[in-house]
Amino acid sequence: EGYRSWEYFVGLRSWLFPGFIAGLLKLGSLFSADPDIALLPMRAFMIATSTIPIACAYFWGRNLGDRKAGLVLAACVAVSTDLIFMAPHSFSEVMAANILVLALYIGYPKAAEMRGSRLFLAGLLFGTAFILRIHLGPAIALACAMICTRFWTRWLVMGAGAFLIVLLAGGLDWLTFGRPFHSIFVNVYMNIG
């Protein structure tokens with residue numbers, strides 16, 4: 001069974017991300033019993049997802065300025081020490097941050113590009129970032145308020161995407177811990193209560 005941190009004994013964290021990582025580790029183990037090789041799919045996945053903030057920085061810079069501005073912003077993000085040192089590690093915090101950046105990029109398009117499908121996808125990503133790291137909840141709520149402002153249809157579409165992910169995560173908690181939304185309640189209780 002291996003080592004498990006205390007968070008999983010008390011049910012503080014959802015099994016969503018560890019379950020996904022376990023699948024990548026199983027895939028690696030099919031190629032070799034050597035841990036350095038077995039870890040390659042997981043590390044490659046984490047490194048690949050760490051390019052999300054770099055790509056978003058490039059497109060933000062290009063949209064606000066030109067191609068050179070995009071390259072400068074992407075280079076600044078690419079040499080960030082946090083990104084460099086944390087990219088290959090399978091921490092839910094790292095994945096949540098990468099997903100949050102993508103959600104912000106998708107959620108903040110030019111006004112002409114504000115479509116329901118884009119808002120729904122942003123909601124799915126915001127919900128995923130929340131499930132992976134519920135401590136991002138206030139920042140996610142503020143970002144959603146800035147995106148949706150006074151437009152209730154935006155709130156409904158983005159909220160539907162986020163609600164779907166949170167609902168699925170609640171079902172996963174029910175399967176793994178015996179209660180829906182167990183990891184969220186325990187996390188709040190252990191950190192605040």
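These are my notebook entries on what I looked up in this structure.

**Entry 1: the model.** I am working with a predicted model, in which local features need pLDDT of at least 70 and side-chain atom pairs count only at pLDDT 80 or more, while totals for chains, interfaces and linings use all residues. Residues are numbered from 1 along each chain as its sequence is written, and side-chain values use heavy atoms, with hydrogens and water left out.

**Entry 2: the nonpolar patch.** I looked up which residues make the nonpolar surface patch of about 570 Å², and I found Trp6, Phe9, Val10, Tyr189 and Met190. I noted that patches are made of residues with over 30% relative accessible area and no salt bridge, with like charges joined within 9 Å and nonpolar side chains (Val, Leu, Ile, Met, Phe, Trp, Tyr) within 5 Å. A salt bridge here is a side-chain nitrogen of Lys or Arg within 4 Å of a carboxyl oxygen of Asp or Glu. Accessible areas come from the Shrake-Rupley method with a 1.4 Å probe, and for residues only the protein chains shown count as cover.

Helix 1 (6-10) and helix 12 (182-192) each supply at least two residues of the patch, and the largest share, 3 residues, comes from helix 1. Helices (H or I, at least four residues) and strands (E, at least two) are DSSP runs, numbered from the N terminus. Phe9 is in helix 1, and its relative accessible area of 58% is why Phe9 counts as exposed; the terms are buried for under 20%, exposed for over 50% and partly exposed in between (1.4 Å probe, protein chains only).

**Entry 3: Ser50.** Is Ser50 buried or exposed? Ser50 counts as buried because its relative accessibility is 7%, and I found Ser50 in the loop between helix 4 (40-49) and helix 5 (51-64). Leaving aside neighbours within four places in sequence, Ser50 is in contact with Leu83, Ala87 and Asn98, where contact means heavy atoms within 4.5 Å. The side chain of Ser50 also reaches the backbone oxygen of Ile47 at 2.5 Å.

**Entry 4: the aromatic rings.** How many aromatic pairs does a search of the whole structure find? The search finds 4 aromatic pairs. The rings of Tyr58 and Phe59 have their centres 5.2 Å apart and their planes at 70°, so this pair is edge-to-face. Rings of Phe, Tyr and Trp (its six-membered ring) pair if their centres lie within 6.5 Å, and planes under 30 degrees apart count as stacked, over 60 as edge-to-face and the rest as tilted. Tyr58 is buried, with a relative accessible area of 18%, whereas Phe59 is partly exposed at 30%.

Trp60 and Tyr105 also form an edge-to-face pair, 5.5 Å centre to centre with 75° between the planes. Because Trp60 lies in helix 5 and Tyr105 in helix 8 (residues 92-107), the pair ties together parts that are 45 residues apart in sequence. Trp60 is partly exposed at 27%, and Tyr105 is buried at 17%. I noted, finally, that ring pairs link Tyr58, Phe59, Trp60 and Tyr105 into a cluster.

**Entry 5: two loop residues.** I looked up Thr149, in the loop between helix 10 (137-148) and helix 11 (152-177), and found its phi near 40°, a positive value in a residue other than glycine. Phe181 lies in the loop between helix 11 and helix 12, and its phi, near 60°, is also a positive value in a residue other than glycine.

Terms used:
Polar contact = N/O pair within 3.5 Å; in protein donor to acceptor, adjacent residues only side chain to side chain.
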